[in-house]
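Me: I'd like to learn how to read a protein model, one feature at a time. Can we go through this one together?

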Amino acid sequence: MSFAPQSILVTGGAGFIGSNFIHSFLAGNPGSQVTNLDVLTYAGNLNNLRTLENNPAYSFVRGDIGDATLVAQLLTERKVDAVVHFAAESHVDRSISGPEIFVRTNVLGTQVLLEESRKHWQSGVVNDFRFLQISTDEVYGSLGESGFFTEETPLAPNSPYSASKAGADMLVRAYHETYGMPTLNTRCSNNYGPFHFPEKLIPLLIHNIINRKPLPVYGDGKNVRDWLHVNDHAAAVEVVLKTAAPGSIYNIGGNNEWFNIDIVNLVCDLLDERLGRSSGENRTLITFVKDRPGHDRRYAIDASRLKRDLGWEPAYTFERGIAETIEWYLSHQEWVAEVTSGSYREYYTQQYGGAA
Ligand code: NAD
Ligand code: TYD
């Protein structure tokens with residue numbers, strides 16, 4: 001089965017993974033149009049897409065996925081044949097201190113998007129249609145020392161973030177089962193790479209090491225995450241969008257498990273060398289802090305279904321990916337300063353007078 005979308009609505013395309021996806025999709029699909037619907041929360045940065053501002057295949061609309069009128073208008077006017085839904089509140093720590101916005105955006109926002117997509121798909125304005133829900137391995141909860149998450153693992157989310165993503169996934173499933181809507185669902189492991197907001201572990205480590213700031217390690221540092229380069233995630237999403245059977249679910253992961261403390265030590269050591277600091281100098285910045293409440297112990301993805309059915313495999317080794325990511329942050333310290341200060345918004349307003 002093959003599907004060739006002509007007009008994609010990407011939600012949350014100004015965030016980390018969405019912006020990387022837009023770059024790679026437009027590069028690989030000349031002739032397709034991409035509309036990026038993003039409300040620009042603290043995590044949405046138009047700087048991530050600056051190089052596309054004059055590309056006629058790309059347009060940005062500032063708006064909320066929960067705005068049914070706007071969503072309906074975009075779907076109809078632009079003859080959207082695929083919705084790729086990245087928009088979300090995405091940080092576990094923020095979901096612990098303020099869960100409400102997570103339910104509003106991730107559950108209610110997704111429901112609005114699904115409902116408007118259903119009406120649009122049923123109206124027959126487009127011949128074929130897909131709704132791709134971008135989800136996370138965190139919906140499966142936590143693993144012990146062995147085993148992997150498969151697509152059959154029962155959902156058992158432990159944080160308000162993962163609970164809200166699981167709620168959205170269940171709605172996506174319901175729209176397929178109830179209305180026959182051609183939905184797809186991907187569940188990926190932890191991503192790393194360019195344009196990653198520096199509140200998440202890897203960019204936070206790089207940024208803090210450069211600035212000789214403490215490196216907070218939660219609990220004993222023995223939690224395990226399964227890291228995948230964001231470009232590999234973007235490639236997997238494209239493969240699923242174009243070739244997966246409607247109604248299917250695919251795990252995405254790189255078979256790349258690390259204890260948090262080992263990642264911290266690795267990034268410290270690579271940056272000792274790169275910054276000309278003495279061996280072990282950056283490790284002195286490591287500070288063990290109070291554990292995150294409900295902290296999932298281990299995530300590990302079994303992505304064999306995706307490989308078997310659709311032939312996807314990661315292209316990056318971790319060695320290459322982490323080295324390139326460190327170089328990217330070293331050469332984009334201005335980006336970090338802008339996204340953390342909010343000045344990109346002032347820049348955008350000055351250039352374009354607010355929403356495009
Ligand atoms: P992010 O926080 O970097 O970006 C989220 C984007 O969504 C931002 O641009 C934000 O402005 C936008 N947004 C938030 N609320 C919105 C709303 N109501 N309307 C329109 N736009 C809104 O997130 P990310 O890390 O790029 O994650 C993208 C998706 O991938 C999320 O759905 C997340 O659950 C999922 N995911 C992330 C990871 C990861 O490691 N980061 C792993 C697996 C899955
Ligand atoms: P994070 O990047 O927030 O992703 P997630 O919680 O979605 O997996 O965190 C990755 C791991 O690193 C997680 O086990 C929590 C831990 N962590 C720290 O130890 N210190 C930190 O400052 C952060 C942000 C995360």
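Me: Let's start with one residue. Is asparagine 255 buried or exposed?

Reply: First, a word on what you're looking at: this is a predicted model, where local features need pLDDT of at least 70, side-chain atom pairs count only at pLDDT 80 or more, and totals for chains, interfaces and linings use all residues. Residues are numbered from 1 along each chain as its sequence is written, chains are lettered from A and ligands numbered from 1 in the order in which they are written, and side-chain values use heavy atoms, with hydrogens and water left out. Now the general idea: buried means under 20% relative accessible area, exposed means over 50%, and partly exposed is in between, using a 1.4 Å probe and protein chains only. Asparagine 255 has a relative accessible area of 63%, so this residue is exposed.

Me: Where does asparagine 255 sit in the chain?

Reply: Helices (H or I, at least four residues) and strands (E, at least two) are DSSP runs, numbered from the N terminus. Asparagine 255 is in the loop between E10 and E11.

Me: What about its backbone: what is phi of asparagine 255?

Reply: Most residues other than glycine have a negative phi. Asparagine 255 has a phi near 55 degrees, a positive value in a residue other than glycine. Lysine 79 also has a positive phi, near 45 degrees, and lies in the loop between helix H2 (68–77) and E4.

Me: Now strands. In what order do the 7 strands of the open sheet come?

Reply: Two strands pair if DSSP finds at least two bridges between them. Here the order is E3-E2-E1-E4-E5-E6-E10, and the pairing is parallel. At the edges are strand E3 (58–62) and strand E10 (249–252), each pairing on one side only. From one strand to the next, the twist averages 20 degrees; angles like this run from 0 to 180 degrees between N-to-C directions, with axes fitted as lines to C-alpha atoms, for helices over the stretch in contact.

Me: How many bridges join strand E4 to E5?

Reply: Strand E4 (residues 82–85) and E5 run parallel and are joined by 4 bridges. To find one on screen, look at valine 84, whose bridge partner in E5 is leucine 132.

Me: Which strands pair with E9?

Reply: E7 pairs with E9 in the parallel sense over 3 bridges, while strand E11 (residues 257–259) pairs with E9 in the antiparallel sense, also over 3 bridges. For examples, tyrosine 192 has histidine 229 of E9 as its bridge partner, and aspartate 226 has glutamate 257 of E11.

Me: How many residues of strand E9 are buried?

Reply: In strand E9 (residues 224–229), 6 of its 6 residues are buried. Val224, Asp226 and Leu228 point one way, with Arg225, Trp227 and His229 pointing the other way.

Me: On to the ligands. How many residues surround ligand 1?

Reply: A residue counts as near a molecule if one of its heavy atoms lies within 4 Å of it. Ligand 1 has 28 residues around it, and the closest are Ile17, Asp38, Ser90, Tyr161 and Lys165. By class, that shell has 13 nonpolar, 12 polar and 3 charged residues. E5 gives the most to the shell, with 3 residues.

Note on methods. Ala, Val, Leu, Ile, Met, Phe, Trp, Tyr, Cys and Pro count as nonpolar, Asp, Glu, Lys and Arg as charged, and the others, Gly among them, as polar.
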